[in-house]
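Colleague: Please put the model up on the screen. I have some questions about how it is put together.

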Amino acid sequence: MTDIDPLLAERYATVTQGIAEACRAAGRSVDEITTVVVTKFHPAALIEQLAALGVSDVGENRHQDAAPKAAALAALPLTWHFVGQLQSNKARAVTEYARVIHSVDRSSLVTALAKVERPIEVFLEVNLTDDPGRGGVEPGEVLRLAESVLDVPSLSLLGVMAVAPLDKPARAAFERLRSISDEVRALAPQASKISAGMSGDYAEAIAEGATHLRIGAAITGKRPAQP
Ligand SMILES: *Cc1c(COP(=O)(O)O)cnc(C)c1O
């Protein structure tokens with residue numbers, strides 16, 4: 001049996017309740033929501049506790065940290081999500097454990113993932129900031145990138161993903177993401193998912209149609225020493 005930290009259990013319960021409340025306020029069912037617990041900087045032992053609490057989806061943002069954790073926990077029924085910037089030369093290695101990649105933001109990465117020839121589910125990460133240097137494809141380029149994913153039989157396009165910019169209200173950013181999602185769905189009706197919402201803004205994301213929340217600190221607690 002895994003010993004579960006009572007504070008972890010409490011934070012998980014609080015967030016689960018917050019998600020239920022936000023769904024109720026938005027007139028949505030909690031069944032529409034997948035909560036990916038982002039466990040970056042935390043050890044495999046914490047992920048084991050999360051699994052014991054009933055968590056089924058975990059997210060990591062750096063391959064070199066994620067790979068050993070995924071290997072150590074391979075026996076657990078977890079779906080691993082990759083949410084960080086992905087270098088093309090790491091694409092194959094990441095797909096050895098991650099079934100879902102939230103951060104596809106350029107056609108060269110699509111080409112690298114296509115070579116893996118393994119079924120992979122992808123979100124297109126959209127840059128909602130005014131800084132083109134930030135992660136994510138520019139909103140005007142999303143449909144072109146979607147087409148390149150749709151051309152690869154081994155890739156399933158789930159939908160769009162974004163991180164809300166820090167300097168603007170999250171709700172407005174997620175409203176914009178929802179309208180970009182509508183454009184993608186006009187091209188690919190099955191690509192109906194929206195990955196949005198973190199510890200501080202998941203209620204706003206739920207109000208704007210998010211289906212995949214990526215929640216870290218509100219559940220895991222403070223990160224241990226940042227590398
Ligand atoms: C770390 C991270 C999260 C979770 O952030 P919290 O604020 O800890 O909830 C979500 N998405 C991405 C891409 C991240 O890197």
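Colleague: Which residue caps the N-terminal end of H1?
Modeller: H1 is a helix spanning residues 6-26. Helices (H or I, at least four residues) and strands (E, at least two) are DSSP runs, numbered from the N terminus. At the N-terminal end of H1, a side-chain oxygen lies 2.9 Å from the backbone nitrogen of Leu7. That oxygen belongs to Asp5.

Colleague: What kind of model is this, and which atoms do side-chain values use?
Modeller: This is a predicted model, in which local features need pLDDT of at least 70 and side-chain atom pairs count only at pLDDT 80 or more, while totals for chains, interfaces and linings use all residues.

Colleague: How far apart are the end C-alpha atoms of H1?
Modeller: The expected span is 1.5 Å times one less than the number of residues. H1 has 21 residues, so it should span 30 Å. The model agrees, with the end C-alpha atoms apart by 30 Å.

Colleague: Within what arc do the buried residues of H1 fall?
Modeller: Buried means under 20% relative accessible area, exposed over 50%, and partly exposed in between (1.4 Å probe, protein chains only). In H1, the buried residues are Leu8, Val15, Gly18, Ile19, Ala22 and Cys23. They line one face of the helix, because seen down the axis they fall within an arc of 135 degrees. That arc is taken from the directions from the helix axis to the C-beta atoms.

Colleague: Why can residues three or four places apart point the same way?
Modeller: It comes down to the turn of the helix. Residues three or four places apart point the same way because an α-helix has 3.6 residues a turn.

Colleague: Which exposed residues sit on the face of H1 turned away from its buried side?
Modeller: The buried residues of H1 pack against S1 (34-38), H2 (44-52), H8 (202-207), S8 (212-215) and H9 (217-220). Turned away from that buried side are Pro6, Glu10, Thr14, Arg24 and Ala25.

Colleague: Which residue follows H1, with a positive phi?
Modeller: Look just past the end of the helix. The phi there is near 70 degrees. The residue is Gly27.

Colleague: Which residues does Ile19 touch?
Modeller: Contact means heavy atoms within 4.5 Å. Residues up to four places away in sequence are not counted. Ile19 touches Val30, Ile33, Thr35, Tyr202, Ile206, Leu213 and Ile215.

Colleague: What arc do the buried residues of H7 cover?
Modeller: These are Ala170, Ala173, Phe174, Leu177, Ile180, Ser181 and Val184. They are on the same side of H7, because around the axis they cover an arc of only 115 degrees.

Colleague: What do the buried residues of H7 pack against?
Modeller: H7 has 18 residues and reaches 26 Å from its first C-alpha to its last. Its buried residues pack against H6, S6, S7 (193-195) and H8.

Colleague: Which residue meets Glu121 in a salt bridge?
Modeller: A salt bridge puts a side-chain nitrogen of Lys or Arg within 4 Å of a carboxyl oxygen of Asp or Glu. The whole structure has nine. The partner of Glu121 is 3.8 Å away, N to O, and is Arg99.

Colleague: How many residues apart in sequence are Glu121 and Arg99?
Modeller: Glu121 lies in S5 and Arg99 in S4 (residues 98-104), so the pair ties together parts whose separation in sequence is 22 residues.

Colleague: Which residue pairs with Lys168?
Modeller: The two side chains meet in a salt bridge at 3.5 Å, N to O. Lys168 is in the loop between S6 (155-161) and H7, and its partner, 38 residues apart, is in the loop between S5 and H6.

Conventions
Residues numbered from 1 in each chain as written. Heavy atoms only, no water. Polar contact = N/O pair within 3.5 Å; in protein donor to acceptor, adjacent residues only side chain to side chain.
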